[in-house]
Amino acid sequence: MRVFLLDSSYGGETLYSLKKREIQYLSKVLRLEEGTVFTAKDRNENYYKATLKEEGILLLEPTENPEDTLLDSLSSYKGPFAAIDVYISMLKGKKNETVVRALTEIGVRKIVFVDSQNVQEHTFSDHQRQRLELIEKEAVQQSGGKAPELSGPLSFPEALALSEGKRVILHQGVRKKSTTLQKIVHSEDIKIVVSLFIGPEGGWSDEECVLAENQGVIPVLLSTNILRSETAAVYTASVVQSILHEKI
């Protein structure tokens, strides 16, 4: 279902002041008029019946029935989502935005950026962070899903220490213990976290692969053409989610 996502600064007030971009989204994209009632939600998954008052103001009332005021009949998935955490190396330019948009719509639990050895950009500017948060918000409003936790960049050892559950690292070269997603991910894993490590354009270094393997992370080589990092992240998350939901 399509809902309007309130800003992360929202603290439960009855009246909500819309930002310029939000006004444009409601008036230009959704073409809403004054008095229109629709569904909104905050970052904690609390739902509200929102009434568009004079331009720039929403009247919010908590609701237990968000379906009553939906703007459309599009239905998002309501079953149990797999807990998929994606640890992806910093990419160049707007590729990071592409990853955040697609993984948010897929429904992953976390997106953690990693400052690995072969990356070309090692941190985000304040503007880039704001852009990623905005992209995530727009993706949530489009998909009707829940915003994933967005963090990083972390060093590779820090990312390994943070990761949990069944941990998988995608690599590009030949590794002795390499396997496939289909062999190691099973539908029963829906009850645990699956952590996916996606490397940069130049791939993970041998040192990083060895460090990961020594800590029990499973090396996987995809049975596909050579994929860009952003494509590999979306492909892998989609395949894992599909496998985990096979018997639901």
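## About the model

This is a predicted model, in which local features need pLDDT of at least 70 and side-chain atom pairs count only at pLDDT 80 or more, while totals for chains, interfaces and linings use all residues. Residues are numbered from 1 along each chain as its sequence is written, and side-chain values use heavy atoms, with hydrogens and water left out.

## The sheet

Let's start with the strands. Helices (H or I, at least four residues) and strands (E, at least two) are DSSP runs, numbered from the N terminus. Six strands form an open sheet in the order 8-7-6-10-9-11, with parallel pairing; two strands pair if DSSP finds at least two bridges between them. At the edges sit strand 8 (149–155) and strand 11 (218–220), each pairing on one side only. From one strand to the next, the twist averages 25°.

Strand 9 (residues 166–170) pairs with strand 11 in the parallel sense over 3 bridges. Leu 170 has Val 220 in strand 11 as its bridge partner.

## Helices beside it

Helix 2 lies across strand 6 (83–89), strand 7 (110–115) and strand 8, at about 155° to strand 7. Axes are lines fitted to C-alpha atoms, for helices over the stretch in contact, and angles run from 0 to 180 degrees between N-to-C directions. Contact means heavy atoms within 4.5 Å.

Helix 2 (residues 95–106) also packs with helix 7 (residues 229–244) at an angle of about 10°, their axes 9 Å apart. That makes the two helices roughly parallel (angles under 35 degrees; over 145 is roughly antiparallel, 65 to 115 roughly perpendicular and the rest oblique). Among the residues that meet are Val 99 and Leu 103 in helix 2 and Ala 233 and Val 234 in helix 7.

Leaving aside residues up to four places away in sequence, Lys 166 touches residues including Asp 189, Ile 192 and Ile 218.

## Aromatic rings

Rings of Phe, Tyr and Trp (its six-membered ring) pair if their centres lie within 6.5 Å; planes under 30 degrees apart are stacked, over 60 edge-to-face and the rest tilted. Tyr 10 and Tyr 48 form an edge-to-face pair, 5.6 Å centre to centre with 85° between the planes. This pair ties together parts that are 38 residues apart in sequence, because Tyr 10 lies in the loop between strand 1 (4–5) and strand 2 (15–17) and Tyr 48 in strand 4 (residues 47–52).
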